[in-house]
Amino acid sequence: MAQLWGGRFTKETDQLVYNFNASIGFDQRFYKQDIEGSIAHVTMLGRQGIITEDESAQIVACLKEIRSEVEAGTLTISSEYEDIHSFVEATLIDRLGDVGKKLHTGRSRNDQVALDMRLYTRSEVLETSQLLKELLETIVKIMEEHTNTIMPGFTHLQKAQPITLAHHMGAYFEMFKRDRLRLHDIYERMNYCPLGSGALAGTTYPLDRELTAELLGFYGPTLNSMDGVSDRDYLIEFLSACATIMMHLSRFSEEVIIWNSNEYRFVEIDDAYSTGSSIMPQKKNPDIAELVRGKTGRVYGALTSLLTTMKGIPLAYNKDMQEDKELSFDAMDTVKGCIALFNGMLATMKFNKEQMYASANGGFTNATDAADYLVGHGVPFRDAHSIIGRLVLYCIEQDKAIDELTLDELRAISPVFEDDIYDAISMETCVNKRLTIGAPGPAAMEQVIAAAKAYLNEN
């Protein structure tokens with residue numbers, strides 16, 4: 001078919017070239033943003049007297065009609081058009097004739113697509129932030145319920161010190177909270193309108209770019225027309241934030257997978273979020289956690305792809321930038337799906353408190369507190385560290401926990417030990433006496449939970 005830009009050309013584009021050049025297969029997903037931008041643009045044209053108010057009203061009404069029909073499924077976006085912009089404008093012209101041809105006055109596809117992508121990404125930033133908020137609400141609920149659920153804390157995947165499940169969950173609350181803060185920062189930087197930049201050098205028409213920006217909910221217009229059509233920093237930032245979100249989800253998923261194993265048995269995943277084996281009837285597989293972990297690389301790939309695409313592009317717009325869409329759309333969909341499914345899995349997960357406690361109690365997680373006990377009785381820390389090291393070795397040889405040793409056995413290694421050692425190294429004492437802000441003690445956790453709930457209420 002004849003293209004909207006065909007006046008300069010004397011022969012049809014080769015079909016393979018046309019197919020390679022076309023973007024309608026993927027950019028049709030932001031038809032709403034394209035129509036929204038066109039409504040704002042033509043409203044401004046009418047107010048500025050660039051076209052008549054009547055012409056503006058006719059075009060706005062027809063654009064709304066096209067949008068309604070696409071949403072209702074009575075108007076199909078056809079692949080005969082090169083891109084979503086061509087489809088909307090051609091449909092408009094088909095219905096309004098010469099009046100429809102005035103829509104594109106003072107506008108280029110360059111600033112049009114820059115606007116559409118920015119509007120679409122802005123919406124995705126908000127949706128992703130909301131999904132993260134729902135995940136944070138699930139996490140803080142678990143924190144409230146498990147301030148006294150003792151479990152081992154790990155370093156190097158080895159049991160280190162006793163903590164609580166609330167404390168462990170609190171670490172992920174902080175991660176996902178930072179992710180939301182990043183999204184907020186991205187929104188603040190990106191919320192400026194490129195429409196009116198033209199192809200790269202603005203236009204001679206007396207556009208009111210402040211009005212267009214206001215109609216579309218932006219803080220104002222972009223201040224350089226070349227940058228306006230060629231900037232994709234906001235998208236790179238968003239994909240970077242998405243990659244970080246996925247990294248956090250993947251770490252959390254890895255722990256769920258470990259906790260779900262027969263060796264740990266810390267959690268039981270709800271049947272709705274797991275599957276069985278086709279051959280082994282005893283299996284209950286953590287599929288959602290594994291898929292989230294696997295899809296992380298997919299989102300990383302989108303970020304790397306866009307960075308690579310943008311690295312060698314001279315100012316201003318170049319067709320390479322059409323590659324900003326497909327992988328970005330996939331990454332956005334992937335991140336939202338992963339957050340929602342992970343949240344559902346986490347909200348329905350059951351925690352085996354007894355198994356967590358037994359694991360903490362049986363892994364010498366109170367060894368540090370035993371050393372602190374000796375320090376409190378006048379033993380230099382380095383000597384105390386060595387004494388407890390010998391004590392742990394003895395426990396391993398005897399297949400006992402530290403608090404299972406008799407006082408005679410303890411004194412055989414150090415005469416400093418007294419009867420109060422047992423209370424000093426109990427799991428409860430080890431956790432409860434850690435009262436500094438950020439530590440796992442219940443009093444400290446109550447402050448953190450209160451702060452977390454306040455953040456969610458305010459944001």
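Is N110 buried or exposed, and what is its relative accessible area?

Analyst: This is a predicted model, in which local features need pLDDT of at least 70 and side-chain atom pairs count only at pLDDT 80 or more, while totals for chains, interfaces and linings use all residues. Residues are numbered from 1 along each chain as its sequence is written, and side-chain values use heavy atoms, with hydrogens and water left out.

N110 is buried, its relative accessible area being 17% (buried means under 20%, exposed over 50%, partly exposed in between, with a 1.4 Å probe and protein chains only). The residue belongs to helix α6 (helices are DSSP runs of H or I with at least four residues, strands runs of E with at least two, numbered from the N terminus). Apart from neighbours within four places in sequence, N110 has contacts with G198, A199, V229 and Y317 (heavy atoms within 4.5 Å).

Helix α6 (109-145) is also among the elements that cover the buried residues of α5, together with α2 (24-27), α3 (31-47) and α4 (53-72). Of the 13 residues of α5, 10 are buried: I84, H85, S86, F87, V88, E89, A90, T91, L92 and I93. Helix α5 itself comprises residues 84-96 and spans 18 Å from its first C-alpha to its last, close to the expected 18 Å (1.5 Å times one less than the number of residues). At its start, a side-chain oxygen of D83 comes within 3.2 Å of the backbone nitrogen of H85, a polar contact (N or O atoms within 3.5 Å, one able to donate a hydrogen and the other to accept it within protein; residues adjacent in sequence count only if both atoms are side-chain atoms). Just after α5, G97 adopts a positive phi of about 70°.

The model has 12 aromatic pairs (Phe, Tyr or six-membered Trp ring centres within 6.5 Å; planes under 30 degrees apart are stacked, over 60 edge-to-face, the rest tilted). One of them, Y373 with F417, is stacked, at 5.9 Å centre to centre with 10° between the planes. Y373 lies in α14 (residues 367-376) and F417 in the loop between α16 (407-413) and α17 (421-424), so the pair ties together parts 44 residues apart in sequence. Both Y373 and F417 are buried. Ring pairs also join F154, W259, Y264 and F266 into a cluster. Finally, R122 sits over the face of F218, 4.5 Å from the ring centre (NZ of Lys or CZ of Arg within 6 Å of the centre and within 35 degrees of the ring normal), and K177 over that of Y455, at 5.0 Å.
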